[in-house]
Amino acid sequence: KFQSSDFPESEDSVKRLIDAGRYRVAIRMCRQLIEENNKSDGDKIKLGHCIRSHLAVCHFRLGEYEEAREVVINGSDSNNNKTVPPPFSSFESQPFNLHVMRCELAHYLGDNDEAVRAFFQLRERITRDKEGTSSSSSSKQTLKHLSIINEKIVSYLILGSKLRLALHIASKAAAAAKQSSLICAKILLKMGDVKRARKKVEEYAKEKSFPLSSSSSLKTNEKKEYSKERAQLTEMRALLLTADSRFEDAHKILSPLIDSGFASMDAINNYAICSLFTNKIAVAIQSLEECVREDPFQGLNMAIVQNLVSL
């Protein structure tokens with residue numbers, strides 16, 4: 001439970017409310033801060049670009065994509081609450097997360113192809129700007145941003161069933177980073193190429209020094225990042241077992257992953273499928289319902305909804 005005194009009106013409190021999933025409260029606080037800022041003289045209250053990001057994120061997480069678009073593009077929502085400062089003077093002055101959100105909103109407003117095009121344009125712009133910078137810290141940040149953009153492009157290409165192009169981009173990104181990629185394995189599996197997908201998974205396990213056995217499970221005392229990598233590997237191994245109709249084996253290695261808190265929506269969905277085929281229908285329904293309850297924004301995707309309705 002939250003006390004209002006725990007969240008004094010400030011940008012930091014808005015961020016804390018967002019982290020706690022209190023999006024409506026965060027929106028109200030954003031509007032109050034904006035209103036006070038617009039009424040103030042001089043530097044009594046000074047809001048940065050982050051307030052615009054916070055307001056857009058709240059609408060986005062609530063599924064209010066039109067509202068989010070108004071905030072991102074025009075700096076205001078349906079109540080005409082102008083954010084401060086006024087519209088960005090340049091591409092560089094806009095926070096990276098707003099560039100990403102602008103691209104993603106096209107998908108959530110029903111145009112997945114436009115989202116892909118927008119991300120390609122964003123990648124081209126950032127790559128062009130990168131050539132004119134010499135700072136090592138700036139270069140590292142740019143490479144991180146490009147990596148995020150490539151991941152987004154691949155994910156939306158997969159959603160649009162453009163698997164060959166998704167595989168091409170994911171493979172190039174993996175080669176540039178000189179490391180194996182589990183996303184390539186996932187795409188190959190979607191394409192029905194189980195043999196190559198399995199080879200990619202084995203390469204990844206060997207590269208990360210993980211046991212090659214698919215029966216290995218998560219260890220609770222591992223570092224978070226290490227556990228995250230192991231979780232992704234476990235998810236792919238379970239998908240390969242499911243592709244071979246080895247539902248009991250897949251269910252066995254997914255169970256500790258589900259309990260670990262590192263399971264993705266795909267892993268939870270696969271766990272439900274394996275539960276169904278191993279006659280654990282109650283477990284299948286419970287896992288999908290908990291998934292939707294804990295994160296409706298991510299949980300209410302087509303695959304999970306279809307499986308939940310079927311069950």
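A: Begin with exposure: a residue is buried under 20% relative accessible area, exposed over 50%, and partly exposed in between (1.4 Å probe, protein chains only). Serine 161, at 61% relative accessibility, therefore counts as exposed. This is a predicted model, in which local features need pLDDT of at least 70 and side-chain atom pairs count only at pLDDT 80 or more, while totals for chains, interfaces and linings use all residues. Residues are numbered from 1 along each chain as its sequence is written, and side-chain values use heavy atoms, with hydrogens and water left out.

Q: Where does serine 161 lie, and what is its phi near?
A: Helices (H or I, at least four residues) and strands (E, at least two) are DSSP runs, numbered from the N terminus. Serine 161 sits in the loop between helix H7 (136–159) and helix H8 (163–176). Most residues other than glycine have a negative phi. The phi of serine 161 is near 60°, a positive value in a residue other than glycine. Asparagine 279 is not a glycine either, and has a positive phi of about 65°. Its place is the loop between H13 and helix H14 (281–294), and asparagine 279 is exposed at 66% relative accessible area.

Q: How many salt bridges does a search of the whole structure find?
A: Side chains of opposite charge can pair when their charged atoms come close. The cut-off for a salt bridge is a side-chain nitrogen of Lys or Arg within 4 Å of a carboxyl oxygen of Asp or Glu. The search finds 13 of them. One of these joins glutamate 64 and arginine 24, at 2.4 Å from N to O. Glutamate 64 is in the loop between helix H3 (50–61) and helix H4 (65–74), and arginine 24 is in helix H2 (residues 23–39), so the pair ties together parts 40 residues apart in sequence. Glutamate 64 is buried at 19% relative accessible area, whereas arginine 24 is partly exposed at 45%.

Q: Which helix holds both arginine 69 and glutamate 66?
A: Both lie in helix H4, three residues apart, about one turn of the helix. Arginine 69 is partly exposed at 34% relative accessible area, and glutamate 66 is partly exposed at 45%.

Q: Which residue forms a salt bridge with aspartate 244?
A: The partner is arginine 198, with the closest N and O atoms 2.6 Å apart. This pair links distant parts of the chain, 46 residues apart: aspartate 244 is in the loop between helix H11 (224–243) and H12, and arginine 198 is in helix H10 (residues 194–207). Elsewhere, salt bridges that share partners join Lys186, Glu235 and Asp266 into one network.

Q: At what angle do H12 and H13 pack?
A: Axes are lines fitted to C-alpha atoms, for helices over the stretch in contact, and angles run from 0 to 180 degrees between N-to-C directions. Helix H12 (residues 247–260) and H13 pack at about 135°, with axes 9 Å apart. H12 is therefore oblique to H13; angles under 35 degrees count as roughly parallel, over 145 as roughly antiparallel, 65 to 115 as roughly perpendicular and the rest as oblique.

Q: Is cysteine 30 buried or exposed?
A: Cysteine 30 is in helix H2 and counts as buried, at 0% relative accessibility.
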